[in-house]
Amino acid sequence: MAKKLLLGDEAIALGAIHAGLSGVYAYPGTPSTEITEFIQGNQLAQERGIHSRWSTNEKTAMEAALGMSFMGKRALVCMKHVGLNVCADPFVNSGMTGVNGGVIVLVADDPSMHSSQDEQDSRFYGKFALIPTFEPSNQQEAYDMMETAFSYSESICLPVLMRVTTRMAHSRAVVQCVDEPRQQNALNYNAEAKNWVLLPANARKRNDIVTAQQAQLEQDAAKSAYNKYVEGSDKKLGILASGIGYNYVTECFPNGCPYPILKISQYPLPKQLVRRLMDECEDVLIVEEGQPFIEDMVRGVFDLKNVHGKLDGTLPRTGELNPDIVKKALGMETDQCFDPCADVAPRPPALCQGCGHRDVYAALNEVLKEYENPRVFGDIGCYTLGFLPPYRAIHSCVDMGASITMAKGASDAGQWPAVAIIGDSTFTHSGMTGLLDAINENADITVIISDNLTTGMTGGQDSAGTNKFEAICRGLGLSDDHLKVVVPLPKNMPEITQTIRDEINYHGTSVIIPRRECMQTLQRHLKQKKAAEKK
């Protein structure tokens with residue numbers, strides 16, 4: 001068995017390939033992006049023709065994966081936690097349709113909000129959708145779980161949610177891999193239309209079946225090799241630890257933990273194992289990364305006062321855990337190894353030197369000085385940094401695509417000028433429908449699609465709408481008279497400012513597309529070109 005040093009994301013990707021994967025569907029989002037990128041660059045994946053093109057958004061990714069599953073093949077869907085909100089409709093309904101080929105929905109949560117709007121915990125979605133959830137505690141488990149989860153998905157005819165967090169996704173460990181990767185499933189026609197056509201008459205029957213499965217899923221979790229009860233001699237305290245939280249606990253006890261530990265990495269929560277821990281120990285500490293998901297359930301089921309964790313302040317309710325924090329909760333001495341270094345100056349992110357977004361914001365700010373109380377509605381992307389000095393250019397940033405619809409709503413309320421700024425990838429992800437609403441009502445807004453020809457914030461992945469934005473806007477019904485393309489460079493500042501001014505003063509829906517390649521991908525492409533010329 002070969003050994004490889006892998007990121008958690010890479011272990012997941014390689015585990016999926018070795019488990020007979022036929023397609024990965026994803027929209028780039030930190031900390032999940034490396035999974036799809038690894039599959040795109042993997043030789044075996046290329047030889048097997050595994051689908052690995054980026055999807056336009058997480059909803060389309062989930063639906064495409066269901067289509068592959070319908071035909072009997074194994075599919076992986078990858079996203080960050082807020083992406084699960086985007087694909088919630090097909091995700092929740094996939095519990096009703098069930099699966100034919102195995103489906104794993106891999107969600108990477110982001111405690112401490114390193115690159116996200118919130119700290120949402122995706123385990124709640126698994127419980128809500130009545131599907132099993134896996135949560136690896138280390139990279140080896142992440143690799144091994146892919147075959148286990150695919151096989152389990154096919155045996156119970158349900159998708160499986162796999163939840164990791166930033167630290168698991170972006171830390172490395174040695175992983176032992178199988179010698180013989182599993183072959184892909186053959187195409188089959190076993191999917192029954194009565195399960196997949198969610199007319200109420202069909203869905204009610206499936207709802208009864210899926211609800212009745214829950215007791216079996218809990219029994220399976222109780223027997224799972226990934227959930228284990230580790231004996232301890234000191235019963236004054238018991239520890240229930242899930243996912244990477246289990247790793248943090250074991251790091252606190254290099255010579256072995258004296259307390260009983262219940263490790264949880266597969267859900268539904270196996271209550272019989274929890275009951276054993278409760279019965280044997282005087283107090284119980286619950287260590288879980290994210291929200292108090294298990295703690296809420298334990299307190300609700302057992303109604304005991306000797307449970308400690310995030311709800312009683314023993315562990316912090318927000319931010320990431322680490323071994324120092326867990327040591328404090330255990331009453332142990334700590335060296336504060338994981339505290340930020342006081343000698344390192346903070347380096348807040350900033351737009352790259354030469355970035356086209358800089359010229360867009362400079363022009364926009366120059367024009368908006370001429371108006372009273374202008375409002376600029378921003379969106380998700382590296383251009384969100386326009387909120388920071390020196391530009392201070394945007395007033396909101398809520399979720400993917402919200403810029404256009406918020407600008408429209410503000411205009412409906414009487415605001416003028418109302419400007420939306422959105423990136424190229426974000427526009428095709430979630431902005432097109434908002435623009436259609438605006439065009440249908442000829443809303444008095446100016447939309448700036450800042451096109452840097454890539455998905456810049458997550459590392460330069462392909463953007464779904466490259467070279468198509470004018471055609472998309474025309475197809476949505478926008479007039480050519482108010483569809484403008486400019487090149488954001490300092491020398492073009494008079495043209496850009498006049499274009500922005502003209503379109504703000506037009507009292508209807510207009511779109512301006514400043515287009516210039518991202519500096520990072522431009523440098524990469526120039527290096528590739530030079531290397532090719534040397535050959």
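User: Which residue stands opposite Val-447 in S18?

Analyst: This is a predicted model. Strand S16 covers residues 446–450, and strand S18 covers residues 510–514. The two run parallel and are joined by 3 bridges. In S18, the residue opposite Val-447 is Val-511.

User: In what order do the 5 strands of the open sheet lie?

Analyst: The pairing in this open sheet is parallel. Neighbouring strands are turned by 20 degrees against each other on average, direction ignored. The order is S14-S15-S16-S18-S17.

User: Which strands have one side left without a neighbour in the sheet?

Analyst: A strand with a single partner stands at an edge, so one of its sides has no neighbour in the sheet.

User: What angle does the direction of helix H20 make with that of S17?

Analyst: Helix H20 spans residues 493–505 and packs on the sheet. H20 touches S15, S16, S17 and S18. Its direction makes an angle with that of S17 of about 165 degrees.

User: Against which elements do the buried residues of H17 pack?

Analyst: Helix H17 runs over residues 402–412. Its buried residues include Ile-404, Ala-407 and Lys-408. They pack against S14, S15, helix H18 (424–441) and S16.

Definitions and conventions. Residues are numbered from 1 along each chain as its sequence is written. This is a predicted model: local features need pLDDT of at least 70, side-chain atom pairs count only at pLDDT 80 or more; totals for chains, interfaces and linings use all residues. Side-chain values use heavy atoms; hydrogens and water are left out. Two strands pair if DSSP finds at least two bridges between them. Helices (H or I, at least four residues) and strands (E, at least two) are DSSP runs, numbered from the N terminus. Axes are lines fitted to C-alpha atoms, for helices over the stretch in contact, and angles run from 0 to 180 degrees between N-to-C directions. Contact means heavy atoms within 4.5 Å. Buried means under 20% relative accessible area, exposed over 50%, partly exposed in between (1.4 Å probe, protein chains only).
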